[in-house]
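Hello,

I am passing on a structure that you have not seen before. Please look at it first; my notes follow below.

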Amino acid sequence: MAWSAEQYVKFEDERTRPARDLIAQVPLALATKAYDLGCGPGNSTELLVERFGAANVIGLDSDDNMLAAARKRLPGTEFTKADLNTWTPDQPADLLYANAVFQWVPDHLAVLARLMDHLKPGGTLAVQMPDNLSEPSHLLMEETGAAGPWASAFEGGRVRRPLLPSPAAYFDALMPKSARVDVWHTVYYHPLANAPAIVEWVKATGLRPYLDAAGPENAEAFIADYTARIAKAYPPMADGRVLLRFPRFFVIAVKA
């Protein structure tokens with residue numbers, strides 16, 4: 001699946017807000033080894049650098065386009081290509097911070113539990129993930145996928161990733177290795193210009209695998225069908241803008 005840093009940062013302020021909310025709950029005054037897991041174009045890494053200093057922060061991502069953007073944004077910070085399914089730090093870390101990445105990692109509960117073993121005592125695992133697969137923005141991707149000449153590409157539901165596990169599952173996975181685990185949801189309401197703006201937002205993330213499956217020859221028609229459905233599901237407010245409801249799930253685990 002191809003990623004685009006340029007597309008991602010079109011809504012940088014909105015995307016960075018939960019990253020700020022996550023780091024605000026990290027109970028560390030100092031960190032000499034802080035990793036931004038799935039750093040993307042560096043917007044979340046920048047928050048860690050502001051708090052802990054560039055020499056103490058390393059950004060990781062699996063996508064070359066995102067890494068290039070991050071290195072351009074923060075030339076004094078180390079960035080490394082890595083696969084979070086298998087990656088571990090070379091020495092125990094103070095902070096493993098992950099903003100909007102682990103929803104893409106299969107069996108991420110097991111991965112998070114494994115990463116707890118690579119924290120210093122008192123170190124923190126901080127994770128935020130979108131929990132919006134039941135929102136119209138994502139359910140309508142399914143409807144469009146089943147509605148056009150590309151429908152055969154979506155048989156068997158191979159594009160849609162699974163819903164997040166229950167909050168209790170995170171406690172069960174992390175508490176045996178933790179002194180404290182906190183989980184919570186925050187629902188953000190983003191006023192956007194219009195229905196096409198919602199489409200532009202999801203084109204950087206959730207819509208990507210659908211467009212890839214439909215194929216480049218169908219991309220324009222797929223987006224047109226999806227945009228029409230979004231316009232019906234998100235009617236304009238009094239000022240003409242639309243309101244995108246966006247639930248997100250947060251986890252803080254402090255190593256015992």
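The axes of helix H8 (residues 195-203) and helix H10 (residues 219-233) come within 9 Å of each other and cross at roughly 125°. Axes here are lines fitted to C-alpha atoms, for helices over the stretch in contact, with angles from 0 to 180 degrees between N-to-C directions. H8 is therefore oblique to H10 (under 35 degrees is roughly parallel, over 145 roughly antiparallel, 65 to 115 roughly perpendicular, the rest oblique). On the H8 side the contact (heavy atoms within 4.5 Å) includes Ile-198 and Val-202, and on the H10 side Tyr-226 and Ile-230.

This is a predicted model: local features need pLDDT of at least 70, side-chain atom pairs count only at pLDDT 80 or more, and totals for chains, interfaces and linings use all residues. Residues are numbered from 1 along each chain as its sequence is written, and side-chain values use heavy atoms, without hydrogens and water.

Helices (H or I, at least four residues) and strands (E, at least two) are DSSP runs, numbered from the N terminus. Seven strands form an open, mixed sheet in the order S3-S2-S1-S4-S5-S7-S6; two strands pair if DSSP finds at least two bridges between them. Strands S3 (78-81) and S6 (178-192) are at the edges with a single partner strand each, so one side of each has no neighbour in the sheet. S1 (residues 34-37) and S4 (residues 93-99) pair in the parallel sense over three bridges, and Asp-36 stands opposite Tyr-97 in S4.

Helix H2 (residues 12-23) lies across S4, S5, S6 and S7, at about 150° to S4.

Regards
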